[in-house]
Amino acid sequence: MLGVVVVPLFLILDWVALPAPVFERFLWVRAILTAALALQLVLIRLTPPSRLSVLHGYTFNLLVGTATSWMTAQLGGFDSPYYMGLNLVVAANLLLPWRPLHAGLNSLLTVLVYVVVNAILGGPFHGAVLLNNLFFLGAAAVTAILTARVRFRLVEREHAARTGLLEANAALQRSRAELKRARDALWGEMEVAKRIQTSLLPEDRRAGLYQVAARMVPAAEVGGDYYDIVDAGDGQHWIAIGDVSGHGVEAGLVMMMTQTSILSLVRERPSRTPAEVFRQVNGVLWQNMGRMRADRYMTLNVVRLEADGLTMAGKHQDVLVWRRGQGVEAIANEGSWIGLVADPGPRVRDSFIPLGPGDLALFFTDGATEARNGRGELYGEERLAASLAQVAGLPLEDALGVLFADIGAFRRGEPEDDVTLLLVRRLAEARATRGDAARVEIATA
Amino acid sequence: MVDPVRRWTEGELSLEAHDGPGELRLVWRGRSADREPGKFLVPALTASVEESGRRGVRLCLDFSALEYMNSSTFTPVVKAIDLARRRGVAIALEYSQAKKWQALSFSALRTFETADGRVAVLGR
C-alpha cells in the first residue's frame, strides 16, 4: 500500500528537478510500477498467508529496486544522487514482519540490482562516489537486518505467549467440560441414591393392633435417616428408626444395609428380641463399614409392637409418648449406637414402653429437634412434645402434617438435615380386631 | 484451673488444653456444627492423645461446657477413643447430665468403657 502511494508521489520531485523529456519517461515508468504494485496489493489481499508470502517482499523490492536503479542509470549511473531512493526501498524491510535472513537477502538483492543495472546502463563513474553510495546502502541494509531481528524476536515471543494463552484457555475449557460432566454424573448418582433411599421407605399402614404413620423430609443431599415398618409374619410387626452420622452416598448406603439386615432378620425369625436384632445388625454393619473403611455410626431403635406396648432396643432419640390424661412423657433409651464396637454385649438390652388403647408414641430424628430459627435457637424436644400434645387426637396423617408444619414454621430456610417423624398409635383392641383404624382414631380424639 | 497451655479454635468451637494433676484436660467450648469437623478435630485430638501418651497421663475430654455438637462431631471423638485404646492411653469423657443432649448422646459412648477404667464416660 505504501508503495502504491509513495511511488507516484515522487513524480512531484521529478517534475521539479528533471527536464521535461526525462520526466515523461519517468512518468510512464512510475505509472507502470504503480500499476504493478497495485496488482500485487490485490494478490496479497486475495491470497491467504503462507510460507510463500515472503515472495511478496522480494517482488516488491525487485520491482521498485529495478525501476529506481533504471532511473538512476538514466540520470548518470553511479555518480547520480538519485540512488538515494534505493535507501527507501531497503528501508521497506523495516515494515515487513519477517526473519532477519530475509531482510538481509532482500537488501542484498536491491543493492545487486542497483550495481548490475548501473554497471550496464549507467556509463562512466567515479569509484569514490560508488563506494560512498554502497556504504550508505550497506548501512541501510544493516539497519534493516538488525531491526528485523529485534522485531522478529518480539513477534516470536508475542506469538509464543499468545499460543500459550490459547492452549491454556483450551485446557481450561476442557477441564471445565470434564468438571461439568463429572458433576452431572455425581448429581445423577446422588439423585439415584436419594431415590433408592426414599423408595425403601414404607407406606403408612395398619400394623396389627397399631396404626403407624411416618414421613421423612430429606435434606438437599442424601442423608442418613432411616425408618421402616415391617410385617414379619406370624402376626409380628416391627418398626425401626435411626440416623447414620454424616451425609452423602456413603451414609445412604449404611442406611440401606441396615434396612436390609433388619428386614431379613425379623422375617427369618419373628420371635427374635429387638436386642438380638440390634446386636446382629451391629455385627453386620461393623464388618461392612470396616470393609468400606467408613467412619460411620448410627443411632438406631429396633422396636417390636406388642399387644400392650413397645419392646425396644438400641440407642436413639427419646421416645415421646402421649397418654390420655397424662400428657407427654419423654422416655430415654439406653444402649449403644450401631458401628461403635464389634459387640456392644449386655449394654444393649430390651426395654418396654407400656401403651394403653389410644396412646400415641412419637419417634423422631435429630433433624426435627435441631431445626434452628433465625436467632439460632433449636426447635428442641420440649417444643416437639408440646406440638405432639396438640395433635394427639388427630388422624395420624393429619398429625404428621401439623408436626412438620410447626417445625417448618420455626425453622429458617430449607432443612439442613433429614427430618423423620414416626407415629405409632395403639388401637382400641375390640375395634382393632375389626380392622377399623379410622373409627378408633376418632374415638381417641 | 491453670491457664490453657494450648488452644485450638475453628469457627464457634474451641478446645483448650490444661495441665492437671495426672491428666491432660481438653475443655470443649462453644458449638460444633461443621459438616466435616474431622478436618479440625482429628489433628487436635491425635496430638492430645500422643502428648498424653508421652507424659503418661490420662486424657480427659471435658464436654460439660459445650453448647452443642452435631452427629458428625462424634466420629472424631470415637476415633480418639479408639486411638487412645490402641496406644494404651487412659481416656475419660466428661459430660453434663444437666444438658439433655449431652446425656442422650454421651451415654451411648459408655459402650467403650472398660472395667479397668482406662476408658471412662462420666456424667457429672
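How many residues of chain B are in contact with chain A, and how many of chain A with chain B? Select both sides and you get 13 residues of chain B against 18 residues of chain A, where contact means C-beta atoms, placed from the backbone, within 7 Å.

A word on the model before moving on. It is predicted, so local features need pLDDT of at least 70 and side-chain atom pairs count only at pLDDT 80 or more, while totals for chains, interfaces and linings use all residues. Residues are numbered from 1 along each chain as its sequence is written, with chains lettered from A and ligands numbered from 1 in the order in which they are written.

Stay on chain B's side and pick α2 (71-87) and α3 (100-106), the elements giving two or more residues to it. Helices here are DSSP runs of H or I, at least four residues, and strands are runs of E, at least two, numbered from the N terminus. The largest share, 6 residues, comes from α2(B).

Next, click S64(B), in the loop between β4 (58-62) and β5 (66-69) of chain B. Leaving out residues up to four places away in sequence, S64(B) touches E94(B), Y95(B), S96(B) and R124(B).

Finally, show chain A whole: 14 helices and 11 strands, with 37% of its 445 residues buried.

Conventions:
Two residues are in contact if their C-beta atoms, placed from the backbone, lie within 7 Å. A residue is buried if 20 or more other C-beta atoms lie within 10 Å of its own, exposed if 12 or fewer, and partly exposed in between; C-beta atoms are placed from the backbone.
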